[in-house]
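Student: Hi! Could you walk me through this one with me? I'd like to start with the ligand and then look at a few side chains.

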Amino acid sequence: MRKTLSIAIVGKGGAGKTVITALMAKVISENFDCKMLLIDADPTHPHLSKLVDLNPSRTLEQIRSNVIQDTINKERSSQEIAETIDFNVYDSIVESKRFSLLSMGQPETPGCFCPSNLLMKRVLKSISNDFDLILIDCEAGLEQIHRMVFDEIDLILVISDISLRSIETAVSIKKSAQKFIKFKKLYLVLNKVKGDISFILSKLDSYKLELIASIPEDNLIIEYEMLGKHMLDIDNESISLNSIRDLVKKVMIQ
Ligand SMILES: Nc1ncnc2c1ncn2[C@@H]1O[C@H](COP(=O)(O)OP(=O)(O)OP(=O)(O)O)[C@@H](O)[C@H]1O
Ligand SMILES: [Mg+2]
């Protein structure tokens, strides 16, 4: 059985999780021969598919809602329901030459995100062995760690901008992860870096955060976002892409 490397990309809202996931996926697909699955696990801001130019026909949430309807309308055994979910989950993974994508989606019904997170947890368990690498673009904050959406993950990348508040969120995420889930390593990625950040860097030791990469603020990303363009054909000379290449090298030798 192959060994899957699973990476969760977490952090404060707006820190750059989705952009970094998309750029990492681009760099990995161009430099490594591996079967990669991207998971858009953010039910509130599901933007990853747009940034990687893939359009899933169905989300996990739509599957869950269809199965519920189906179960209400017909009498189904639990075995049949489980098989339907498995089949539909595989069917909802959209593929390109570079990678595959599974999207959690926004809940179709009112209520909290617990059932969605629970389904995501089951799906992760059942499909992870089919891929060499899984990149998960998570919801902002601590929720998915608290809900133990992944009870085991290899690597957690906590994305933070250069504000103290964002760094403090990173500290809370690390504490939650240590309490609630099994992981091998957790690193900090500083994003949108500009100007003198010596104050923030001086805090990292006392916060026990290990910095793996600093991604500069990149006008090209801002321009691409303004025009609604995906990130896959961003100029190879882009300043952020150089730092993402370094990050990917470090991550892939884990
Ligand atoms: N290195 C960068 N340089 C310039 N702008 C950036 C950079 N990284 C991210 N951004 C911009 O910051 C904003 C937030 O990025 P993104 O959507 O990736 O954050 P997020 O952490 O996924 O947010 P959310 O918590 O809402 O999911 C976007 O407008 C994005 O283009
Ligand atoms: Mg996001």
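Tutor: Happy to; we'll take the ligand and then some residues, keeping in mind that this is a predicted model.

Student: Great. Which residues come nearest to ligand 1?

Tutor: There are 19 residues around ligand 1, and Lys17, Thr18, Lys192, Asp218 and Glu225 come nearest.

Student: What does the side chain of glutamate 225 do there?

Tutor: One of its polar side-chain atoms lies 2.7 Å from an oxygen atom of ligand 1. Aspartate 218 uses its backbone instead: an N or O atom there is 2.8 Å from a nitrogen atom of the ligand. At glycine 14, a polar backbone atom is 3.0 Å from a ligand oxygen.

Student: And how much of ligand 1 does the protein bury?

Tutor: The protein buries 83% of the 630 Å² that ligand 1 exposes when taken alone.

Student: Back to aspartate 218. What does its side chain reach at the start of helix H9?

Tutor: A side-chain oxygen of aspartate 218 comes within 2.8 Å of the backbone nitrogen of leucine 220. Helix H9 covers residues 219-227, and just after it glycine 228 has a positive phi of about 70 degrees.

Student: New topic: is aspartate 154 buried or exposed?

Tutor: Aspartate 154 counts as buried because its relative accessible area is 10%, below the 20% cut-off. You'll find it in strand E6, residues 152-160.

Student: Which partners does its side chain have, then?

Tutor: The side chain of aspartate 154 makes a polar contact with the side chain of lysine 184 at 2.7 Å. It also reaches the backbone nitrogen of serine 6, at 2.8 Å. Beyond its neighbours within four places in sequence, aspartate 154 has contacts that include Lys3, Thr4 and Phe183.

Student: What about lysine 174, where is that?

Tutor: Lysine 174 is in helix H7, residues 164-180. This lysine is buried but has no salt bridge.

Student: Which side chain of opposite charge is nearest to it, and how far away?

Tutor: That is glutamate 210, 7.0 Å away. Leaving out residues up to four places away in sequence, lysine 174 touches Leu186, Lys208 and Leu209.

Student: Last one: where does leucine 142 sit?

Tutor: Leucine 142 is in the loop between strand E5 (133-137) and helix H6 (143-146). With a relative accessible area of 24%, leucine 142 is partly exposed.

Technical notes. Residues numbered from 1 in each chain as written. Chains lettered and ligands numbered in written order. Predicted model: local features only at pLDDT ≥ 70, side-chain atom pairs only at ≥ 80, totals over all residues. Heavy atoms only, no water. Helix = DSSP H or I, 4+ residues; strand = E, 2+ residues; numbered from the N terminus. Buried < 20%, exposed > 50% of the residue type's maximum accessible area, 1.4 Å probe, protein only. Lys, Arg positive; Asp, Glu negative; His and termini not counted. Salt bridge = Lys/Arg side-chain N within 4 Å of Asp/Glu carboxyl O. Contact = heavy atoms within 4.5 Å. Near = heavy atom within 4 Å. Polar contact = N/O pair within 3.5 Å; in protein donor to acceptor, adjacent residues only side chain to side chain. Areas by Shrake-Rupley, 256 points an atom, 1.4 Å probe, with all protein chains shown as cover.
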